[in-house]
Amino acid sequence: MTLPALPGHPHFAYRGTALFAEDVCVSELAAEHGTPLFVYSKAAMLSALASYQRGFEGRNAQICYAMKANSSLAVLQVFARAGCGFDIVSGGELERVQAAGGDMRQVIFSGVGKTRAEMRQALAAGIGCFNVESEAELGVLSSVALAMGLRAPVSIRVNPNVDPKTHPYISTGLKGNKFGVAHEDAVRIYQHAALLDGLNVIGIDCHIGSQITDVTPYLDAMDRVLDLVAAIEAAGIFLAHIDFGGGLGINYSSDDQPPQADALWQQLLGKLDARGYGGKKLMIEPGRSLVGNAGICVTEVLYLKPGEQKNFCIIDAAMNDLPRPAMYQAFHAIVPVEQAARQAADVLYDVVGPVCESGDWIGRDRLLSVAAGDQLAVLSAGAYCMSMASNYNTRGRGAELLVDGDAARLIRAREPPADTSRPELLLP
Ligand SMILES: *Cc1c(COP(=O)(O)O)cnc(C)c1O
């Protein structure tokens, strides 16, 4: 019997016929906590972080975890305790960092639509930097800061106009995107920012997309950003840091071959040094690459439904738990939690959830040997799954466990469906 490979999941493996997360048997976790169940490996998170830390050894660098990838409090605690800062995109995320004990000076605030209330909240908390995404936002931030008697630390997100060769919904550095300011406007907008009394210009920022598996767009973007650094500093505005964003991909399948973080940064730092900017503080905002392959989602097969054109494997996890396939046609590997002794033949299935949408599929055309009641593990479920999960169809969100060695700790209780209507008001 050949057991399926688990691409990119060094801390998840079969022992005999049973899937383990570190030293814990996954089917025992599912028996205790039910399904759908997210299981994370702390060691996997820390080893992903260590690859970046190795790459930046001896450098003035700051890693800010882009927490929208997975914003569960205990996950934030893991990264805060490992010395990470955080890249946030809302006031709600700021509150989560505070609850997890993160260092406010290492928080950077990205996003095209910050409200005045969010700006005040972040200024009062003393965050490290605002990544400003438009000229209009510069003016508003300056006036909000002045009204508080403060100067807001800012960098401006520039759009390097390089194609990251990823899905259009997760490419952010092209001309047609809503993010950042255009390359050709950047110097003028920096000059404008430098004149605003409520701002303190400290850096430059870019982020070209997500799930990038090719080094070339990164190298091109680095060149474009460094061209701007030269032009902005020639205009008399000193930039203390360069923030190079996130976006490094993970292997969802063995077809994805992203570079390792340390290998990627060896090349990027080489370029930085060659162009004479090696002494600047470097900031990065990785999300997916820190948590994506540190998590799986355990689900139970409810029904098998053979059909003329398609066979369906209906599971108890759905698009509200695992939104990426419905949103981006994304691929998640799906493997058995327990390799059964039963010698059932492999059958081609579409793996679908119970939600009433044809878009509610988790995997298409998968060869599986399954029966109702079996458990499956949806791989690469650590990033952009629970943080994007919804209550659609009035489904409570699943539970989350963090495994550390031979211990598993519940970090999010299963959400009772009744909780989803708590903020609602009945008519009299
Ligand atoms: C989403 C996002 C990131 C993280 O992207 P990943 O692909 O998860 O690494 C970093 N910076 C900004 C501004 C983002 O919007």
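Reader: How many Å separate the centres of domain 1 and domain 2?

Author: The two centres, taken over C-alpha atoms, are 36 Å apart. Domain 1 covers residues 12-41 + 292-420, while domain 2 covers 110-286, with bounds that come from an automatic or database domain assignment. The contact (heavy atoms within 4.5 Å) takes 10 residues from domain 1 and 7 residues from domain 2. Residues are numbered from 1 along each chain as its sequence is written. Please keep in mind that this is a predicted model, in which local features need pLDDT of at least 70 and side-chain atom pairs count only at pLDDT 80 or more, while totals for chains, interfaces and linings use all residues, and side-chain values use heavy atoms, with hydrogens and water left out.

Reader: How many helices and strands does the protein have, and what is its radius of gyration?

Author: Helices (H or I, at least four residues) and strands (E, at least two) are DSSP runs, numbered from the N terminus, and the protein has 11 helices and 21 strands. Its radius of gyration, taken over C-alpha atoms, is 23 Å, close to the 22 Å of the globule rule (2.2 Å times the number of residues to the power 0.38) for 428 residues, so the protein is as compact as a globular protein of that length. Along the principal axes, the C-alpha atoms fill a box of roughly 70 × 65 × 45 Å. Of the contacts in the protein with a separation of 6 or more, 70% are between residues 24 or more positions apart.

Reader: What share of the residues is buried, and which residues of helix α3 are buried?

Author: A residue is buried under 20% relative accessible area, exposed over 50% and partly exposed in between, with a 1.4 Å probe and protein chains only; by that reading, 54% of the 428 residues are buried. An α-helix has 3.6 residues a turn, so residues three or four places apart point the same way. In helix α3, which spans residues 73-81, the buried residues are Ala74, Val75, Leu76, Val78, Phe79 and Ala80. Just after α3 comes Gly83, with a positive phi of about 95°.

Reader: Which residues other than glycine have a positive phi, and where is a cis peptide bond found?

Author: Most residues other than glycine have a negative phi, and most peptide bonds are trans. Here Gln211, in the loop between β11 (199-205) and α8 (215-234), has a positive phi of about 55°, and its relative accessibility of 12% counts as buried. Asp365 belongs to strand β18 (residues 361-368) and has a phi near 50°, yet Asp365 is partly exposed at 46%. The cis peptide bond joins Thr35 and Pro36, with omega of about -5°, and Pro36 sits in the loop between α1 (26-33) and β4 (37-41).

Reader: Is Tyr252 buried or exposed, and which residues is Tyr252 in contact with?

Author: Tyr252, placed in the loop between β12 (241-243) and α9 (261-274), is buried, with a relative accessible area of 4%. Leaving aside neighbours within four places in sequence, Tyr252 is in contact with Pro7, Gln211, Arg288, Arg324, Phe331, His332, Ala333 and Ser380.
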